[in-house]
Amino acid sequence: MYGPSPTDPHPMEGFPQVCFIKNVVKSPNIIVGDFTYYDDPEDSANFERNVLYHYPFIGDKLIIGKFCAIARGAKFIMNGANHKLSGISTYPFQIFGNGWEKVMPELSDLPYKGDTVIGHDVWIGYDALIMPGVTVGNGAIVSSRSVVVSDVPPYTVVGGNPARPIKQRFSSEEIDSLQAIAWWDWPVEKITQHLALITAADIEALRRCAEEA
């Protein structure tokens, strides 16, 4: 056996607050990679309650990579939250009916930012808020209570409202190497064998491991 089973929703014995969310999401428009977990003592298996305004008729997807750590209260606002912006009022009169439905906008009238994509090995902190259509790159860190309104580059720490880069975790050349190594796509046996390097900072040594047959 190599590491915890990615098919076990609660891999930490005695800690139901940690859940591998790939095994519990039901929406076909939420796609989650292996070993990505949500940590919440108030029903970690109900991760989908944090994906807001995610209406099937809109069709946008929340895509989260492998080995992501998502802290309690992190929320993802999807495109269904948007109101029509091209008119004078943004008030959604149509939802109340009784004659007001005559101004029902077409889907094409509503702002649409596309899918929300979280890369691999991303850490999203407590109460962070991810807005529609954002891409968070591999290895990025989103600080607690950040409001992410634009794309986050790989291996970058962001924080604040709106979230802005705080620091780049590695040099640009090292980040290119890590993107090419893509350790998260290795077989779990290889990941287990090289955990000490994955959790260290010797990128060249990790690159040599990646080249092994």
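I started at phenylalanine 96, which counts as partly exposed at 44% relative accessibility. My scale for that: buried is under 20% relative accessible area, exposed is over 50%, and partly exposed is in between, with a 1.4 Å probe and protein chains only. Phenylalanine 96 is in the loop between strand S7 (75-77) and strand S8 (116-118). Helices (H or I, at least four residues) and strands (E, at least two) are DSSP runs, numbered from the N terminus.

Ground rules before going on. This is a predicted model, where local features need pLDDT of at least 70 and side-chain atom pairs count only at pLDDT 80 or more, while totals for chains, interfaces and linings use all residues. Residues are numbered from 1 along each chain as its sequence is written, and side-chain values use heavy atoms, with hydrogens and water left out.

Which residues make a nonpolar surface patch with Phe96? I found Tyr91, Phe93, Ile95, Trp100 and Val103 alongside Phe96, in a patch of about 610 Å². Patch residues have over 30% relative accessible area and no salt bridge; nonpolar side chains (Val, Leu, Ile, Met, Phe, Trp, Tyr) are joined within 5 Å, like charges within 9 Å. The areas come from the Shrake-Rupley method with a 1.4 Å probe, and for residues only the protein chains shown count as cover.

I then checked glutamine 94, which is also in the loop between S7 and S8. Glutamine 94 counts as buried, at 15% relative accessibility. Leaving aside neighbours within four places in sequence, glutamine 94 is in contact (heavy atoms within 4.5 Å) with Trp100, Glu101, Val103, Met104 and Pro105.

**Whole chain**

I noted 4 helices and 15 strands in a protein of 213 residues, of which 38% count as buried. The C-alpha atoms fill a box of roughly 65 × 40 × 30 Å along the principal axes.

**Cores**

The largest nonpolar core has 29 residues, and Phe47, Ile64, Ile70, Phe76, Ile118 and Ile124 touch the most other members. Strand S2 (30-32) and strand S5 (62-64) are the elements that give two or more residues to this core. Apart from it I found another core, of 13 residues, including Tyr155, Ile181, Trp183 and Cys209. A core here is a set of buried Ala, Val, Leu, Ile, Met, Phe, Trp, Tyr and Cys residues joined through side-chain atoms within 4.5 Å.

What does isoleucine 70 contact, leaving aside its neighbours within four places in sequence? I listed Ile21, Thr36, Tyr37, Tyr38, Asp39, Phe47, Ile64, Phe76 and Ile124.

**Helix H1**

In H1 (residues 172-181), Ile175, Leu178 and Ile181 are buried. They are on the same side of H1 because they cover an arc of only 120° around the axis, taken from the directions from the helix axis to the C-beta atoms. These buried residues pack against strand S15 (164-168) and helix H4 (203-210). The face turned away from the buried side carries the exposed residues Glu173, Asp176 and Ala180. After H1 comes alanine 182, with a positive phi near 45°.

**Salt bridges**

How many salt bridges does the structure hold? I got 9, each a side-chain nitrogen of Lys or Arg within 4 Å of a carboxyl oxygen of Asp or Glu.

- Aspartate 40 and arginine 49 meet at 2.7 Å, N to O. Aspartate 40 is buried, with a relative accessible area of 4%, whereas arginine 49 is partly exposed at 31%. Asp40 and Arg49 are also linked with Glu42 and Arg72 in a network of salt bridges.
- Lysine 66 and aspartate 185 meet at 3.0 Å, N to O. The pair links distant parts of the chain, 119 residues apart: lysine 66 in the loop between S5 and strand S6 (69-70), aspartate 185 in the loop between H1 and helix H2 (188-193). Lysine 66 is partly exposed at 24%, and aspartate 185 is partly exposed at 47%.
- Arginine 145 and aspartate 127 meet at 3.4 Å, N to O. Arginine 145 counts as exposed at 55%, while aspartate 127 is partly exposed at 28%.
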